[in-house]
Amino acid sequence: MRAINRNLGCCPTCRQLVTFPPKKGGEVAAYCPRCGSEVHLRKSHSLQNTLALVIASIIFYIPANLLPMMHVQTFAGTESDTIMSGVIYFMETGSYLIGSVIFIASILVPVLKILILLYLIHTVRHHKAAKPKERQKLYLLTEVIGRWSMVDVYVVSIMLALVHFGGLTEIRAGGGAVFFLLVVILTMLAAMSFDPRLIWDTAKEQHA
Amino acid sequence: MIEKLYAVHVAALILFLVSNAFPFLTFEVLGNSSQATFSTAIQYLYEEGDYLLAVAVLMTTLVVPFSRIVIFLLLFAPLHHGRVPRFAPHLLKTLEDITPWGMLDVFLVGVLVSIVKLVKMGTIIPGISLWSFAALILILAYGESIFESHPIWERIEKAQHKGQVKTFRRLRS
């Protein structure tokens, strides 16, 4: 038995159980009497929204990696750093810990998030029933790790604040930082718009 | 939980203000020094025309974390004295809505990475604000670990039944 069959929905904010008017279809919305949030039996157009945001973040991920994150201007000239060149720099100079932090936060996490979301959308869309628990865990993982990608944006902004010696030696943010920021925001929004209950819908449908 | 969270966020407010009022880091190369406070980055990003980056850093490291601390205080100060504030549902809902966008802990990692990066180029002098900021992160992490919204929602519901607290329905028709 699922809550949706009894016209019961759970408020996304305060977890209050809300009874829906008896109506067919998954597009019904109600308001939580306790906190006023909109409650859906299932988020409307969850898959389409998530897919759209994931595609947008894939597109933005390309310039995020190709364009420089920052320009370092010294008396010797201007040097530009991309995400990957930063990681390579740390690895070559022996800062393995920092190198791997940047690698995990800026490369592994966004790619992993995009892949997980694509996988979840695929399995729900094709009514795959296998391993709902594992897929639920994957979803929780994307929610938890998403924000950590911001590290690189912060590094650029802190470096820029500290290396500021009036024209002679300066760090400026590159176009890659803006695109990377957009990737982080879009993947966070994508994870939020995915409705994990869909995982369990397809899981149950096949058992019934 | 209420007493502890009240105390945690009073401390957090003080640490947050200290973190913003004093120098964060100073960087010295060949006799030149450049000093940064917590919000210097936002100012430079804005001046350079990187508005999107400036707004994102402003929101995730200043506006959202500060709002969270203030909301916690507005909620927990009355709760501590046995009252449920009239706008409690709005406050708690806002709190839950903005939580994912507060990224002070991520910012701290960014600070550490930047320090390691810059230490090879010159001298880094930590300011008062760096220590208060680290303490702020620790205390907020502790607050986060003991915070449970469920009992608060239950108290709000009881107060709503007595008519002491607003419901959301009138705001969103």
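This is a predicted model: local features need pLDDT of at least 70, side-chain atom pairs count only at pLDDT 80 or more; totals for chains, interfaces and linings use all residues.
**Ground rules**

I number residues from 1 along each chain as its sequence is written, and I letter chains from A in the order in which they are written.

**Entry 1: chain A as a whole**

I began with the helices and strands, which are DSSP runs numbered from the N terminus (helices are H or I with at least four residues, strands are E with at least two). Chain A has 7 helices and 8 strands. Its radius of gyration, taken over C-alpha atoms, is 22 Å.

Next came burial, where buried means under 20% relative accessible area, exposed over 50%, and partly exposed in between (1.4 Å probe, protein chains only). Of the 208 residues of chain A, 49% count as buried. For contacts (heavy atoms within 4.5 Å), I took those in chain A with a separation of 6 or more, and 64% of them join residues 24 or more positions apart.

**Entry 2: where chain A meets chain B**

How many residues of each chain are in contact? I found 46 in chain A and 50 in chain B. Buried area is the accessible area (1.4 Å probe) that two parts lose on being put together, summed over both. For this pair it is about 4,500 Å², with 74% on carbon and sulfur atoms. A:R34, A:Y154 and A:L162 supply 17% of the area that chain A buries here, more than any other three residues.

I then checked for salt bridges (a side-chain nitrogen of Lys or Arg within 4 Å of a carboxyl oxygen of Asp or Glu). The rule finds 2 across the interface. In a salt bridge of 3.1 Å, N to O, the side chain of A:R147 meets that of B:D105. Several elements give two or more residues to chain A's side, among them α2 (83-92) and α3 (96-125). α5 of chain A gives the most, with 10 residues.

I found both A:T187 and A:S193 in helix α6 of chain A. A:T187 counts as buried because its relative accessibility is 4%. Leaving out residues up to four places away in sequence, A:T187 touches A:S57, A:K113, A:I114 and A:L117.

A:S193 is buried too, at 15% relative accessibility.

**Entry 3: two positive phi angles**

Most residues other than glycine have a negative phi, and I noted two exceptions. A:R15 has a positive phi of about 65° and sits in the loop between β1 (8-10) and β2 (17-19) of chain A. A:R15 is exposed, at 53% relative accessible area. B:L30 has a positive phi of about 45°, in the loop between β1 (25-29) and β2 (32-36) of chain B. B:L30 is exposed as well, at 78% relative accessibility.

Notes
Side-chain values use heavy atoms; hydrogens and water are left out. The radius of gyration is taken over C-alpha atoms; the globule rule is 2.2 Å times the number of residues to the power 0.38.
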